[in-house]
Amino acid sequence: MLKVGLTGGIASGKSVVGEMFVALGAHLIQADTIAHELMQPGEAVYQEVLRMFGAAILNPDGSVNRARLAEAAFGAPAGNKASRIHELNQIVHPAVIRRQEEWMAEVGRKDPRAIAMVEAALILEAGVAKRFDRLVVVTCRPEQRIQRWAARVGVDEESARREVGRRMAAQFPDEEKIKAADFVIDNSGALDETHRHVRQVYGELKREAEKNG
């Protein structure tokens, strides 16, 4: 089995690229989906996040309002922002990583020649890149991030620019991600071009996975 990390900056198109890999035969899990599951009422992560950030982050039904949680962490005053983001990551990351490891182990048991891919924004920032055999980084032009975020959440481009800038401040710049990457997929152009590059990378990953298996 080959363990592959799929990462990139905010609104770079990681999920689109991940779907392309799945269509070709890769197994994929999203760290964001895991985190969402772990923040359901009754989960240990939910309880700890609630203790740390308070009831203001909750919806009326007791579920976590992710926009309010993001505002509490990323929107903290400049002097306190890094510590608030760090506090959130310290709660969520270890639990997410454990779930990822369990999932990859299960994939490997079922298919020793599988490509087990984890899509996560903060692989390098969390210091877990060495858990993977290969790292794929997705990039795009800075202005595209803003346009894509605006379209995704339904806000104007100025609001999107502020939010993207705020979140990117907690991520490594693309230059650092690219240096650490085994493969870089530029998602700035047409989807057909992105898909062509994904097929090329998948072919190389599949050959290595079969060799490992």
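The model is predicted, so local features need pLDDT of at least 70, side-chain atom pairs count only at pLDDT 80 or more, and totals for chains, interfaces and linings use all residues. Residues are numbered from 1 along each chain as its sequence is written, and side-chain values use heavy atoms, with hydrogens and water left out.

**Helix α1**

- Helix α1 covers residues 14-24, and its buried residues are Lys 14, Val 17, Gly 18, Met 20 and Phe 21 (buried means under 20% relative accessible area, exposed over 50%, with a 1.4 Å probe and protein chains only).
- Looking down the axis of α1, those buried residues fall within an arc of 155°, so they line one face of the helix (the arc is that of the directions from the helix axis to the C-beta atoms).
- Glu 19 and Ala 23 are exposed on the face turned away from the buried side of α1.
- Just past α1, Gly 25 has a positive phi of about 130°.

Helices are DSSP runs of H or I with at least four residues, numbered from the N terminus.

**Pockets**

A pocket is an open set of points on a 1 Å grid over the protein atoms alone, where a 1.4 Å probe fits, with protein on both sides within 12 Å along at least five of seven lines; lining residues have an atom within 4 Å of a point. A volume is the space filled by probe spheres set on the points, which are joined across faces, edges and corners.

- The largest pocket holds about 1,300 Å³ of space.
- Its lining has 41 residues, with Ala 31, Asp 32, Arg 66, Ala 121 and Arg 167 nearest the centre.
- Helix α5 gives the most to that lining, with 8 residues.
- The second largest pocket holds about 160 Å³, and its lining includes His 86, His 93 and Phe 172.

How values were computed. Helices (H or I, at least four residues) and strands (E, at least two) are DSSP runs, numbered from the N terminus.
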